[in-house]
Amino acid sequence: MKLYVIVPLCALFSLTQQAPSRDKCVCHLTHSEEAFPHDKLSTAEDNASKCNSNITPQKTLELESLLLGLERRLPQLEEDVSMLDREDDGELYAVVSLYVIENELLEIKQLIDRLNSTSGGHRRLTNDATKQLEDLRAEMQELETYDTMQVVKRQQENQRLKKDLEQCRNRLYPTAQPTQPPSSNCPHGQLVNITGPRVYTKGENPSNFKYGAWGRDPKPEAGKERWYWLVLLTSSNAFSNYVRLYSSLSSLIVGKSTPGNVQIHSSNPTTNTIQGPNVVLYGEALYYNCYNQDDVCRFNLTTKTVTTLQLPEGTRYNSKSNFCHLDECYPFTDLDLATDESGVWVIYTTKQDFGNLVLSKVEEGEPPTLGQTWKTSVYKQGVTNTFMVCGVLYATRYISTDIEEVFYSFDTTTGLERFDVGIFINKMTPNIYSLNYSPVDKMLHAFCDSFMVSYNVLFS
């Protein structure tokens, strides 16, 4: 009896729980507008990012560098052809001169081909970018139709109002311009690239002397503007006692020296002769590291006399702090001499500077004197070579047997150091034992495993 009563009561309770409550209200919302196309916005953002990555300042810089290179090469070719007309002897000299001109024509043709290729690439890039921008504009205009609250439009209006207000305020209360930091004053502009090589020869180096230096005098005597000089380390690949002079590049290549050797001393090595490959010629005087001393020697080619410049106490010499890379250190490169538009510089390191490069200006005179000095934060033995351009120190490092990188610069005007210069030099041999800039022809002259090599320096 009890069982029959319980079952209907449970069933009644279940039905009561499942019945809808009269206190609840159900609303149905119908959205008449389309859903915002997030996928289209994402695609537009991706396209804008790709467009930004394709158009970079480096592409414009590449074109400018090629144009500068062509602008420099054509006058040089005209000058070499004129020299051939003046100095043609109908023999070996003329043959070598024609060979030089032929190489210059080939390089100019390669430069024009690269220029045409780069210009064509830039035209295609411009057309593609124009089409992409038009598509992006259309897509953004379509996306703006979803902004029914006109948020974007009001933001744009606010930005315009802020800009107008700022311009009005500047007219009413003009502010003084902030003082700009001093910048390097180079008449050529900023160094942007190194191309070539333009010259690659052993000249008259029959004994294959591995180490040496060569170049031009940035401050020559009248009538010697086209002369070249050469120093070969003929004793133990470390020492020399003479400089050899040539009246032109063609003479250097064929080994027709005039006036020949200018001797510092009959013995090699001895006091005040040359030690190491880092040698420069400036104002008819040869500057170099004196044999077995931490001094700079100045050899006057006219009077045949030597004066010396004492470097600071603690200067490292005699292969105590050479230029190096992972596989090799270049012996007796403790002191590096360099020339630029302003004169002679010496790069070295001292015990108290813990192996970092120190740069000093060498003031002309007999004897020369040490001018202003700058200390850098680049480690000497992590560097393979240095050179100066317009008062800026540049340092190179070994990348591979084919590539050297100009990775560092120090501006003596601003004190600014950079470790991201990123200019690459195409090498003809694995090692560059000496490297110096010539402001006369805006070229780098390198001595590389018995070869004389020159490179074009391009400025912005």
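User: Which residue in strand 8 does Val 280 stand opposite?

Analyst: Opposite Val 280 stands Tyr 287 in strand 8. The model is predicted, so local features need pLDDT of at least 70 and side-chain atom pairs count only at pLDDT 80 or more, whereas totals for chains, interfaces and linings use all residues. Residues are numbered from 1 along each chain as its sequence is written, and side-chain values use heavy atoms, with hydrogens and water left out.

User: What makes strand 7 and strand 8 a pair?

Analyst: Two strands pair if DSSP finds at least two bridges between them. Strand 7 (residues 274-282) and strand 8 (residues 285-290) are paired over five bridges, in the antiparallel sense. Strands here are DSSP runs of E with at least two residues, and helices are runs of H or I with at least four, numbered from the N terminus.

User: Why are strand 4 and strand 10 called edge strands?

Analyst: The open sheet has five strands in the order 4-7-8-9-10, with antiparallel pairing. Strand 4 (239-240) and strand 10 (305-310) each pair on one side only, and are its edge strands.

User: How do you know that a disulfide joins Cys 186 to Cys 390?

Analyst: A disulfide is a pair of cysteine sulfur atoms within 2.5 Å. For Cys 186 and Cys 390 the S to S distance is 2.1 Å, and the pair is a disulfide. The torsion about the S-S bond of these two residues is about 50°, so the link is right-handed. Cys 186 lies in the loop between helix 5 (151-172) and strand 1 (191-201), and Cys 390 in the loop between strand 17 (385-389) and strand 18 (392-398), so the pair ties together parts that are 204 residues apart in sequence.

User: How many disulfides are there by this rule, and what pattern do they follow?

Analyst: The count comes to three. With bonded cysteines counted along the chain, the pattern is 1-6, 2-3, 4-5. Cys 290 is joined to Cys 297 at an S to S distance of 2.1 Å, and Cys 324 to Cys 329 at 1.9 Å.

User: Why is Cys 324 called buried and Cys 329 partly exposed?

Analyst: Buried means under 20% relative accessible area, exposed over 50%, and partly exposed in between (1.4 Å probe, protein chains only). Cys 324 has a relative accessible area of 5%, so it is buried. Cys 329, at 39% relative accessibility, therefore counts as partly exposed.

User: What makes Cys 448 buried?

Analyst: The relative accessible area of Cys 448 is 2%, so this residue is buried.
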